[in-house]
Amino acid sequence: MIEITDIEKIYRMGGEPLKALDKVSLSIKEGEFTSIMGPSGSGKSTLMNILGLLDRFDSGTYKLNGTDVTGLSDSELAGIRNKEIGFVFQSFNLMARMNVLENVMLPLVYAKVPAKERKKRATEALEKVGLGNRLYHLTNEISGGQKQRVAIARAIVNKPSVLMADEPTGNLDSKTTEDIMRIFQDLNKEGTTIVMVTHEPEMAAYTKRIVYFRDGVLQKDENQEPKTLMSKEAN
Amino acid sequence: MFIKENFKMALDSIFANKMRSFLTMLGIIIGIASVIAILAVGNGATEEITATFSELGATTISLDATDPEQSGDLITNEDLTILRQSIDEINYISPNETTSGTVSNDGEARVAVVSYGTPDLQYLTQTMSSSLIEGRYFNEADYADAQDVVVIDSDGAEALFGRVDVVGETIRITVQQQQMNLRVVGVVEGSFGNLQGAFEESELPLFMAMPYTTVSNTLPQVDGIDSVIIEVQSTDQIEPVSQQVVRILELRHDAVGENIYNAQNFLQALDQVDNVLNLFINFIAAVAGIALLVGGIGVMNIMLVSVTERTREIGTRKALGATTSVILVQFLMESIILSLIGGMIGLTLGILLSTLVAGALNITPVITLGSVLLVLLFSSGVGVFFGIYPARKAANLNPIDALRYE
Ligand SMILES: Nc1ncnc2c1ncn2[C@@H]1O[C@H](COP(=O)(O)OP(=O)(O)OP(=O)(O)O)[C@@H](O)[C@H]1O
Ligand SMILES: [Mg+2]
């Protein structure tokens with residue numbers, strides 16, 4: 001599904017050029033739940049942004065679902081982001097003046113899904129993250145954990161092939177973190193591929209695979225038996 | 001694309017900063033309000049003036065003859081006869097001349113304003129065409145024989161004789177050192193009735209009218225006619241008859257193309273009034289234009305601020321799949337709607353303003369569908385023109401830079 005080979009990303013800011021990613025090769029298969037770990041400044045976010053087609057890279061190749069993304073136009077990239085990738089950001093990035101439902105419908109607006117269908121699918125996605133009863137709240141009327149669940153609903157509403165989360169629980173307490181991880185595990189169980197950046201080992205423990213970075217270099221790539229949280233319905 | 005969504009988003013963001021949006025619109029509001037008010041009052045004034053002019057002289061031509069090189073018989077009595085005979089559309093034609101003299105019936109000298117012309121004068125002048133009270137107007141026979149007859153207004157009759165039924169009385173009048181004894185044949189209603197008391201009665205002039213032929217026979221210094229008044233049957237005959245009259249006179253006096261004869265009518269006078277009005281309208285329109293320009297720059301400024309404030313929002317939208325053109329349209333819609341709301345507030349204000357101003361000027365404001373459409377088109381134009389740069393700036397943001405923006 002995701003296939004990168006010898007990716008390099010170099011930042012040139014005034015002085016020494018900085019190699020944020022140094023010949024990184026990685027392949028992620030469908031249905032995987034992968035953590036990307038490493039100290040601050042090791043290039044985790046840089047990799048994530050490249051995988052999410054938000055940023056360009058200097059050399060190497062990136063194939064997403066078999067297509068080479070190098071040389072695609074900005075609007076082609078926007079189209080792929082819309083259909084294939086769901087983003088969950090550390091700071092939620094919800095639209096302040098829209099209610100919960102409208103936020104979740106936004107990717108479907110860009111996908112030109114008809115209004116009625118949009119509402120149906122957004123409601124389903126919100127029910128999946130346990131917010132079926134908050135559809136018409138404004139985003140400043142709900143808690144941080146609820147905001148992140150709205151963001152997850154928004155990320156999955158267009159049924160992307162991969163969900164990308166950069167420190168999704170960085171702004172949340174441990175109880176809420178568990179809720180989010182439980183949702184991720186449930187989604188993964190249903191077949192969603194997830195890539196998650198984190199620097200907390202407790203978080204990485206919930207994933208099947210951990211990739212370690214240091215100074216832009218991929219250091220370690222391990223599979224593990226993930227710690228499981230009991231899904232809400234089982235409670 | 002996404003017209004409905006963009007419309008809602010634009011309204012949301014405009015109303016999220018009500019005060020800021022309103023202040024931004026102010027320039028446009030003022031500009032559009034003045035444009036609408038100017039158009040409405042200007043059109044109203046034009047209609048009013050046209051109506052007044054048509055009432056006054058929709059079918060009147062006044063002909064003047066001036067020759068800087070030569071004085072003399074520029075228009076003769078014979079010319080008038082020829083004109084009357086050869087142009088069917090002429091209803092009335094008369095010399096349009098006045099002179100002044102002194103009347104000294106009761107020893108005390110009084111100033112008299114004497115109009116003289118053909119018997120048609122009774123239908124053509126302002127002062128001496130009011131209704132007859134006594135006797136008759138001077139007629140064709142009086143005119144042909146240059147009879148010493150006069151028509152006097154009732155105020156004059158009162159002043160001279162202390163009564164109105166003065167037909168048959170004689171008035172001694174001195175005009176340019178020539179004495180004439182004129183027999184009164186008719187009395188018309190005086191025009192000073194409404195000025196009673198405003199002047200000493202003895203200061204008011206007497207008004208009288210008499211045949212041109214009598215005047216030209218008695219006064220050797222009156223040679224020829226240089227002002228003629230003509231009435232045609234309808235307004236659309238004014239132009240062709242004016243041209244015909246001038247051509248005939250030029251041919252008869254061997255003066256083709258010498259620009260001696262000038263036919264004036266209300267259409268030309270109206271043109272002149274229109275010119276002054278247009279000058280005024282253009283001036284205020286320029287001021288309104290500047291207000292709109294300032295308003296437009298205000299829109300651009302606030303849109304640039306908005307783009308900067310919403311950089312992360314733009315980044316998020318791009319991450320969710322918004323293309324460059326989608327973002328462009330979104331921000332362009334916002335500036336258009338901002339300007340359009342300003343335009344509509346301006347329109348309302350302008351209509352109110354024009355009603356007030358027109359009320360004060362005692363005219364009816366004229367607001368046409370055309371001027372409303374013009375205003376709406378123009379304010380959206382301002383939105384596009386001044387919104388395109390900020391919108392492009394938003395659309396061309398790199399998604400990751402936008403998302404990282406603090
Ligand atoms: N826009 C940029 N311009 C210049 N240098 C950058 C830019 N973005 C990242 N870097 C540099 O690239 C390196 C990798 O940054 P990156 O954000 O990927 O780290 P990270 O692993 O996500 O760290 P953290 O855990 O703190 O989020 C860092 O040294 C950083 O300073
Ligand atoms: Mg990071």
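Glu8(A) touches Lys19(A), Leu21(A), Asp22(A), Lys23(A), Phe57(A), Asp58(A) and Ser59(A), leaving aside residues up to four places away in sequence; contact here means heavy atoms within 4.5 Å. The model is predicted, with local features requiring pLDDT of at least 70 and side-chain atom pairs pLDDT 80 or more, while totals for chains, interfaces and linings use all residues; side-chain values use heavy atoms, without hydrogens and water. Residues are numbered from 1 along each chain as its sequence is written, and chains are lettered from A in the order in which they are written.

Glu8(A) belongs to strand β1 (residues 2–11) of chain A; strands (E, at least two residues) and helices (H or I, at least four) are DSSP runs numbered from the N terminus. Glu8(A) counts as buried because its relative accessibility is 11%, where buried means under 20% relative accessible area, exposed over 50% and partly exposed in between (1.4 Å probe, protein chains only). Its side chain makes a polar contact with the side chain of Lys19(A) at 3.2 Å. A polar contact is a pair of N or O atoms within 3.5 Å; within protein, one must be able to donate a hydrogen and the other to accept it, and residues adjacent in sequence count only if both atoms are side-chain atoms.

Beyond four places in sequence, the residues touched by Thr193(A) include Met1(A), Ile28(A), Val162(A) and Leu163(A).

Strand β8 also takes part in covering the buried residues of helix α6(A), as do β3 (33–37), α4 (115–128), α5 (144–156), β7 and α7 (201–204) of chain A. In α6(A), 12 of 16 residues are buried, among them Ile180(A), Met181(A), Ile183(A), Phe184(A) and Leu187(A). Just after the helix, Gly191(A) takes a positive phi of about 115°.

On a 1 Å grid over the protein atoms alone, a cavity is a set of points where a 1.4 Å probe fits but cannot get out, and a pocket is an open set with protein on both sides within 12 Å along at least five of seven lines; lining residues have an atom within 4 Å of a point. Grid points are joined across faces, edges and corners, and a volume is the space filled by probe spheres set on the points.

The largest pocket has a volume of about 530 Å³. Of its 21 lining residues, Ser45(A), Asn49(A), Asp166(A), Ile400(B) and Arg404(B) lie nearest the centre. Elements giving two or more residues to this lining are α1 (44–51), β6 (85–88) and β7 (162–166) of chain A, together with α13 (399–404) of chain B; α1(A) gives the most, with 4 residues.

The structure holds 1 cavity of 30 Å³ or more, and the largest cavity has a volume of about 70 Å³. Its lining includes Arg81(A), Phe87(A), Arg154(A), Ala319(B) and Leu320(B), and β6(A) provides the largest share, 3 residues.
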